[in-house]
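Walk through this fold with me, one element at a time.

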Amino acid sequence: MAERTLGDLVRNRTMSPEMAATLAVAAEERRSLLMVAIPRMAGKSTTMHAVLEHAPAGTAMHKLSRDKGAGLGIPGKPDGGYLLMSEISGVGFPDYLWGDDVRLVFEALGRGGFSLATALHAPGVVQAFDVITRENRVPDEQAARLDLVVYIRSLGEWRNPVRRAVAAMYEIQGVKAGRPDARLLHRWLEAEDRFEAVEAPLRVGSVAGSYGRHLAAFRA
């Protein structure tokens with residue numbers, strides 16, 4: 001089956017046009033992204049790949065894996081590309097990283113010249129940063145390199161969900177003692193089954209006119 005696009009995810013009501021436009025701008029600006037959900041098959045990877053389709057043409061995508069040796073496939077010289085860490089998890093798959101490997105990735109991110117796209121299982125943004133900073137011992141200043149956190153809800157039986165929805169999207173302003181200063185940009189109001197734009201981003205959106213252009217396209 002072909003990969004879903006952000007437009008597909010708007011049409012099936014996984015996210016709003018406003019959410020999709022924010023994510024498209026984030027990819028254009030090579031912002032670092034974290035997808036969060038509790039169950040498997042909640043759409044973390046699907047959403048992440050749909051977002052990365054909006055990165056500038058020619059952006060390098062470095063898929064990290066222990067199969068690539070001690071350096072995990074991180075280039076020796078920053079090239080402005082994305083480091084793709086499939087998941088922060090100790091499950092044991094070569095592309096699921098934990099502990100020392102996670103710290104190595106964030107150290108590379110902290111040096112500049114790379115962006116990060118990754119995912120993990122957690123029930124919210126605070127718990128996600130607890131996994132990163134406490135369980136994996138990533139320093140606050142490196143964890144704060146993450147720009148956007150997308151929390152996805154999966155409704156129904158996890159193997160065959162009846163609905164997926166981006167429940168919240170946060171812009172990270174900083175991290176202190178492992179806790180993120182998370183600015184809520186968008187949310188899904190489940191009781192009313194509608195999406196709401198809460199706050200305008202402060203870090204994402206430096207490309208003049210880009211958000212409006214994407215929003216018009218996703219609303220079409």
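From strand 1, the side chains of Leu 33, Met 35 and Ala 37 point one way, and Leu 34 and Val 36 point the other way. In a regular strand the side chains alternate between the two faces of the sheet. All five named residues are buried, where buried means under 20% relative accessible area, exposed means over 50%, and partly exposed lies in between (1.4 Å probe, protein chains only). Strand 1 covers residues 33-37, and because 5 of its 5 residues are buried, the strand is largely enclosed by the rest of the structure. Strands here are DSSP runs of E with at least two residues, helices are runs of H or I with at least four, and both are numbered from the N terminus.

This is a predicted model: local features need pLDDT of at least 70, side-chain atom pairs count only at pLDDT 80 or more, and totals for chains, interfaces and linings use all residues. Residues are numbered from 1 along each chain as its sequence is written, and side-chain values use heavy atoms, with hydrogens and water left out.

Which strands does strand 1 pair with? One is strand 6 (residues 115-121), joined to strand 1 by 5 bridges and running parallel. There, Met 35 has Ala 119 as its bridge partner. The other is strand 7 (residues 148-155), which pairs with strand 1 over 4 bridges, also in the parallel sense. In strand 7, Leu 148 is the bridge partner of Leu 33. Two strands count as paired if DSSP finds at least two bridges between them.

Next, the nonpolar packing. A nonpolar core is a set of buried Ala, Val, Leu, Ile, Met, Phe, Trp, Tyr and Cys residues joined through side-chain atoms within 4.5 Å. The largest has 37 residues, and Leu 6, Met 15, Leu 23, Leu 33 and Leu 148 have the most contacts inside it. Helix 2 (residues 17-28) gives the most to this core, with 8 residues. Apart from it lies another core of 34 residues, among them Met 85, Val 102, Leu 109 and Ala 122. Leu 148, the partner of Leu 33, touches residues that include Leu 23, Ala 26, Leu 34, Met 169, Leu 185 and Val 204, not counting residues up to four places away in sequence. Contact means heavy atoms within 4.5 Å.

Helix 4 (residues 100-110) holds Arg 103. Is Arg 103 buried or exposed? It counts as buried, at 13% relative accessibility. A polar atom of its side chain lies 2.8 Å from the backbone oxygen of Asn 136. Arg 103 also touches Arg 137, Val 138 and Gln 142. Arg 137 follows helix 5 and has a positive phi, near 60°. Within helix 5 (residues 125-135), the buried residues include Val 125, Phe 129 and Ile 132.

Finally, charge pairs. The structure holds 17 salt bridges, each a side-chain nitrogen of Lys or Arg within 4 Å of a carboxyl oxygen of Asp or Glu. One joins Glu 28 and Arg 213 (3.1 Å, N to O). That pair links distant parts of the chain: Glu 28 is in helix 2 and Arg 213 in helix 7 (residues 210-219), 185 residues apart. Glu 28 is partly exposed at 21%, and Arg 213 is partly exposed at 47%. Arg 187 forms a salt bridge with Glu 196, with the closest N and O atoms 2.6 Å apart. Glu 196 is also the bridge partner of Arg 187 in strand 10. Glu 29, Arg 31, Asp 147 and Arg 203 are linked in a network of salt bridges.

Notes:
Polar contact = N/O pair within 3.5 Å; in protein donor to acceptor, adjacent residues only side chain to side chain.
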